[in-house]
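Trainee: Could we read this model together, one feature at a time? I would like the general idea each time, and then the case in hand.

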Amino acid sequence: MNIKNRTLYIADNLNIMRNIDPEVIDLIYLDPPFNTKKQYKAPIGSKAEGASFKDIWTDEDVKHEWYGEVAEQNPELYQVIQAAETLYDKSMKIYLMAMAIRLFEMHRILKPTGSIYLHCDSTASHYLKLIMDSIFGKKHFRNEIVWERIKGAGKTSQHSPRSWGRSSDSLLWYSKNNEHQFNSDAIKAPYSEEYLAENFPQQDSKGRYKRRSPFRPPGLGARPNLCYEYKGFIPPHPSGWTVSKSKLQTIDNEGGLEITPNGKIHRKQRPDGMIPNNIWTDILPTAGNERTGYPTQKPLALLERIIKASSNEGDMVFDPFCGCATACVAAENLGRQWVGIDMSESAEVITKLRLQDEIDKGTDLWNPIEDITVSRTPPPLTHPTPETQIPINSLFNQLTPPDYSQAELQAFHSHKHRVYGNQEGRCNGCKHPLPFRNMTIDHIRPKSKNGTDEPHNLQLLCGACNSTKGNRSQKFLIDTLEKQFIR
Ligand SMILES: C[S@@+](CC[C@H](N)C(=O)[O-])C[C@H]1O[C@@H](n2cnc3c(N)ncnc32)[C@H](O)[C@@H]1O
Ligand SMILES: [Zn+2]
């Protein structure tokens, strides 16, 4: 794998991820901007002073070729993103496109046993879930975790409220396939007193328990070797005791059997901790010393729960929008490897400060200033880029390839992505929206009339428009379509 533990990249995560080897990450946590249309700034005087990031999405945040790339790789996904513009607004489409192009890479670098947790809120969670379904597969959706991130009323007007308070974030958890890691034992939490009193009503010197039959249900069939006498008790059915005689003896010696005054025998079942459900109300917002002032900092406890459940010691945890590196600190504390990326220069300073704080607490011997690698350039590429994986013949699906070199064809192909974005997925003749593979590259001024391969002379047409136009001019095509009331 071409990335190494304790690396922090200060760069746009897309450029870094595109170079990361396939299937090397065990767990991805991402907490990207949520499309809140706000600019975030750390308060003056806080550890993170100077840190800021914007969550306002405009045309500058997407490259036109991304539209073509998404439309080619995943036509349904392109339609979902397109629909978000109609249903919501243009900035939602841009935001989703910027997310989709990055989620492709996250899917590629995740191991087959890996998991991804996408942290978002109700601004875009419904659109992001469609995108995740489309990239990771709906059958790999595992949970939506609802985290109560503000205690109390949440965001609404106290004086003249016109809605319920908003106090939750959502985390969409997907796995790469069905062999994902889930360490349920590592995350069991104690039951509440109320729950225990109701469900484990008996008590002895070892604590609470409930009574269970020591016999197998009669429906399970006869088991002569489990039919024996113990302390004067014999099973009421030929299906026998639940365990062998020696095992029952051990359970009894450990205080696991009860004989009640009315002459009945029971096994004691003790509470074994509860796997938290998907509503997390017990993780409080970051407070006190943990607060760095970094805007939208998440609590370590949140990250620790995710990392414990969905990775093992030594595994590689990756956060492509790491901010003040909460996920990296949590991974370090739990003996996992980590790699983080953030565009913001202040991420470097604040991450080192935070890791130093952890070391000052006295658990580890390594030196964050020397042992963290900070890089501004992508790792060396050791796998073929998506560009070279593209089947070139999809370029001229209706034309006979002329004698272009491989490199020229590739340049042409990536140009097709960009033109698709420029034309917003519509044929440049009839203006109908069409899947990427149904569009053909056309020379606006035909090659036979000295038209060049320059980008400005290229357009995408549907098959029908392309055969109407043939070797003629663009004006001929438009006039014909207008006469036929197609435009
Ligand atoms: C919501 S914050 C993450 C906060 C983080 N979870 C924490 O606990 O500190 C989102 C972060 O994404 C970063 N960011 C936004 N776009 C990015 C991109 N394309 N590449 C890398 N980082 C990006 C921002 O600088 C910001 O720090
Ligand atoms: Zn057309």
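Trainee: How many C-beta neighbours does Arg 6 have inside 10 Å, and does Arg 6 count as buried, exposed or partly exposed?

Mentor: With 18 C-beta neighbours inside 10 Å, Arg 6 counts as partly exposed, since a residue is called buried if 20 or more other C-beta atoms, placed from the backbone, lie within 10 Å of its own, exposed if 12 or fewer do, and partly exposed in between. Please keep in mind that this is a predicted model, in which local features need pLDDT of at least 70 and side-chain atom pairs count only at pLDDT 80 or more, while totals for chains, interfaces and linings use all residues. Residues are numbered from 1 along each chain as its sequence is written, and chains are lettered from A and ligands numbered from 1 in the order in which they are written.

Trainee: What is the phi of Arg 6 near, and in which segment does Arg 6 lie?

Mentor: The phi of Arg 6 is near 60°, a positive value in a residue other than glycine, and Arg 6 lies in the segment before E1.

Trainee: Which strands make up the open sheet of 9 strands, and in what order?

Mentor: Two strands pair if DSSP finds at least two bridges between them, and on that basis the open sheet of 9 strands has the order E12-E6-E7-E5-E2-E13-E14-E1-E15, with mixed pairing. Strand E12 (279–280) and strand E15 (373–375) stand at the edges with a single partner strand each, so one side of each is left without a neighbour in the sheet.

Trainee: How many residues of E14 are buried?

Mentor: For E14 the count is 6 of the 6 residues, so this strand is largely enclosed by the rest of the structure. Both of its faces are covered, with Gln 337, Val 339 and Ile 341 buried on one side and Trp 338, Gly 340 and Asp 342 buried on the other. Helix H10 (residues 346–360) lies across strand E1 (7–10), strand E14 (337–342) and E15, and runs at about 155° to E1; such angles run from 0 to 180 degrees between N-to-C directions, the axes being lines fitted to C-alpha atoms, for helices over the stretch in contact.

Trainee: At roughly what angle do the axes of H3 and H4 cross, and which residues meet there?

Mentor: The axes of helix H3 (residues 75–87) and helix H4 (residues 90–109) come within 6 Å and cross at roughly 155°. The two helices are therefore roughly antiparallel to each other, on a scale where angles under 35 degrees count as roughly parallel, over 145 as roughly antiparallel, 65 to 115 as roughly perpendicular and the rest as oblique. Counting residues as in contact if their C-beta atoms, placed from the backbone, lie within 7 Å, Leu 77, Ile 81, Gln 82, Ala 84 and Glu 85 in H3 meet Lys 90, Met 92, Lys 93, Leu 96, Met 97 and Ala 100 in H4. H4 also lies across strand E2 (25–30) and strand E5 (110–120), running at about 145° to E5.

Trainee: Finally, which residues come nearest to ligand 1?

Mentor: A residue is near a molecule if its C-beta atom, placed from the backbone, lies within 6 Å of it, and of the 18 residues around ligand 1, Asp 31, Phe 53, Phe 321, Gly 323 and Thr 326 come nearest. By class, this shell has 8 nonpolar, 6 polar and 4 charged residues, where Ala, Val, Leu, Ile, Met, Phe, Trp, Tyr, Cys and Pro count as nonpolar, Asp, Glu, Lys and Arg as charged, and the others, Gly among them, as polar.

Conventions. Helix = DSSP H or I, 4+ residues; strand = E, 2+ residues; numbered from the N terminus. Contact = placed C-beta atoms within 7 Å.
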